[in-house]
Amino acid sequence: MIPSVNSSGSRTIGLLAYLYGPGKHEEHTDPHLVASFDDMSPDPGRDPNATLKDLQQLLDQPVMALAEHARPAKHVWHTSVRADPGDRTLSDEEWAGIARRIVAATGIDLGDGQPGCRWAAVRHADDHIHIVATLVTEDGHRPDDFRSGARAQAEARLIEKELGLRRVAPGDGTAAQRPTSAERHKAERQGRERTAREELRETVRRAVAGATSEEEFFDRLAAAGLLIRQRSAPSGDLLGYKVALPEDRNKDGEPVFYPGARLAPDLSLPRIRERWSGVQEQGNPALRQEDAVRAGPGAPAAARRETASAAWQAVLVVEHGDDTVVAAHIAAAGEALDALAATSAAHTRRELRDAAAAFERASRSHVRAARGHDRALRKAARDLIHGGPALGRGEDGASTAMAIDMLFFLVTAAVHWHARKGHEQQAAAARQAAEHLRSAYQAAAAQPLAALYQRGRRLKRPLLQRQTAVLRETLPELAEQILTEPGWYALAATLADAEAAGHNPATLLPDAVAHRELDTADSVSDVLVWRLRRLANLSAGAAQVTENNAVGNASSTRPAPSRPASPGRRLGGVSAGKAQ
């Protein structure tokens with residue numbers, strides 16, 4: 001349940017006319033009172049003899065009783081209270097009780113015989129009510145409605161528990177603004193899956209991912225097809241910007257522009273500038289040449305490998321770093337997710353986009369990010385964008401699985417950090433992002449792990465026995481579990497690749513399990529495959545070992561497992577069902 005206290009107004013009749021009217025898009029149905037300060041107020045919705053003027057005059061009476069100079073300039077208090085889409089439909093009686101509790105909690109009408117303000121609760125939809133009040137009490141005083149928004153939220157948490165409604169995590173004022181009902185109805189009429197606000201937020205976030213200058217940021221916005229308006233000071237200095245979708249128009253046929261700050265708090269121009277503050281490359285013309293090189297053959301896979309490495313290092317920072325540095329890395333993780341989603345293949349695109357959208361809420365908190373420490377992740381995001389779209393197969397597909405695997409652990413580390421800080425909404429958002437990453441990983445890892453599995457099955461017996469002995473010697477607590485997993489053969493192929501590249505598997509394996517417990521992973525072998533391939537700088541895909549280490553008899557062509565295991569059942573406290 002979400003109460004939303006709006007700015008005070010000055011025209012009671014105007015607000016009532018909207019609430020009892022058809023709505024901007026005919027979305028209001030059966031407007032009527034469910035409660036009022038005296039439970040006897042006229043209801044223009046269901047009483048044919050009552051008018052809006054009657055209700056307005058009744059509510060305004062304490063205001064008008066004051067001398068003109070003593071009347072507050074803005075005397076109309078307005079809040080909406082909306083149920084979650086998954087909640088049951090509440091009755092008028094239940095909404096009436098909710099309205100009374102909200103006005104009492106916010107200081108509008110305390111009840112118990114204390115002089116309060118006059119108010120009325122109007123319902124014109126199944127899922128919400130509006131409460132209108134006038135900010136003068138019956139004895140002519142101003143009510144104590146300080147921080148009424150926070151007080152309404154606190155009361156809503158109690159109401160949810162008592163009525164068995166979905167529990168909403170308390171906010172901290174750093175969330176992006178939700179689409180309005182008018183915006184949602186407009187999107188539905190136009191057959192769009194998302195509102196213009198949501199589409200613009202995603203496009204702007206992708207444009208800023210890894211960007212290092214205003215010029216690059218605005219070039220990306222233009223390339224994405226957005227309309228852009230910039231706001232400048234008399235000196236010519238750029239102060240802000242607005243963006244619009246070309247097809248999103250108002251009733252006069254003009255584009256509907258949204259300032260960056262109205263899309264999300266960290267998308268205002270000053271907050272965007274913080275992302276590249278301290279970036280040594282800012283304004284360096286050599287960056288464009290470097291980007292052109294990155295865009296060549298093999299660039300998508302190389303960018304994903306870099307992303308995996310940067311994410312792995314960021315996990316250690318999030319687990320052990322200072323809060324301001326951690327906040328910077330979590331914010332940069334959002335950029336990496338945005339960039340990966342923007343350049344992903346079709347079979348992972350939807351889940352990665354949903355992961356990035358969910359993590360958007362987790363990327364901000366009241367802990368201010370110390371920018372500059374997050375260069376590796378931001379550079380990885382930049383390389384993903386400039387590397388271009390990835391294919392869903394071969395090295396591109398394998399490196400995508402590797403990147404998702406490492407980002408999964410980074411996102412789950414963010415879950416725990418936010419939870420320790422009491423950031424309930426951010427922790428919930430990161431959990432949701434982790435679930436989408438798990439699904440994306442399943443899709444991305446299936447082909448490359450199957451190929452490695454087949455190669456592992458074809459290894460000659462002496463080599464396989466040697467890898468088994470190394471495993472038992474270096475990881476005695478996990479060895480027997482790994483040897484029974486379907487992914488063991490993919491791990492054996494990876495150990496063979498590492499050995500062929502000049503690495504000692506007995507040294508690599510302990511390094512791969514350092515800093516992270518593995519005994520509760522869904523598939524320890526799958527996790528170790530990606531860590532080893534990253535540590536040994538091996539291709540993410542199934543590069544062949546030497547012919548001396550392989551056999552080609554038909555008996556070794558046993559089918560690979562149909563699905564890879566998810567990154568972890570509980571790494572650092574993350575459960576199999578969800579990151580918690």
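A residue is counted as buried when its relative accessible area is under 20%. By this criterion, 52% of the 580 residues in the protein chain of this predicted model are buried. The chain comprises 21 helices and eight strands. Of its contacts with a separation of 6 or more, 74% are accounted for by residues 24 or more positions apart.

Aromatic pairing was examined next. A pair of aromatic rings is described by two quantities, the distance of the centres and the angle of the planes. Five aromatic pairs are present in the structure. In one of them, Phe 217 and Phe 218, the ring centres lie 5.1 Å apart and the planes stand at 55°, so this pair is classed as tilted. Both Phe 217 and Phe 218 are buried. Together with Tyr 241, these two phenylalanines form a cluster linked by ring pairs.

Another pair is formed by Tyr 453 and Tyr 489, whose ring centres are 5.7 Å apart; the planes make an angle of 80°, and the arrangement is therefore edge-to-face.

Helix α15 (residues 394-421) and helix α21 (residues 524-535) have axes that come within 10 Å of each other and cross at roughly 105°. The two helices are therefore roughly perpendicular. On the α15 side, the contact is made by Ala 398, Ala 401, Met 402, Asp 405, Met 406 and Phe 409. Helix α21 contributes Val 527, Trp 530, Arg 531, Arg 533 and Arg 534. By residue class, the contact consists of seven nonpolar and four charged residues, with no polar ones. Within this set, Arg 531 lies over the face of Phe 409, at 5.4 Å from the centre of the ring.

Conventions: Residues numbered from 1 in each chain as written. Predicted model: local features only at pLDDT ≥ 70, side-chain atom pairs only at ≥ 80, totals over all residues. Heavy atoms only, no water. Axes fitted to C-alpha atoms, helices over the stretch in contact; angles between N-to-C directions. Helix = DSSP H or I, 4+ residues; strand = E, 2+ residues; numbered from the N terminus. Parallel < 35°, antiparallel > 145°, perpendicular 65-115°, else oblique. Contact = heavy atoms within 4.5 Å. Nonpolar A, V, L, I, M, F, W, Y, C, P; charged D, E, K, R; others polar. Phe/Tyr/Trp six-rings, centres within 6.5 Å; stacked < 30°, edge-to-face > 60°. Buried < 20%, exposed > 50% of the residue type's maximum accessible area, 1.4 Å probe, protein only. Lys NZ or Arg CZ within 6 Å of the ring centre and 35° of its normal.
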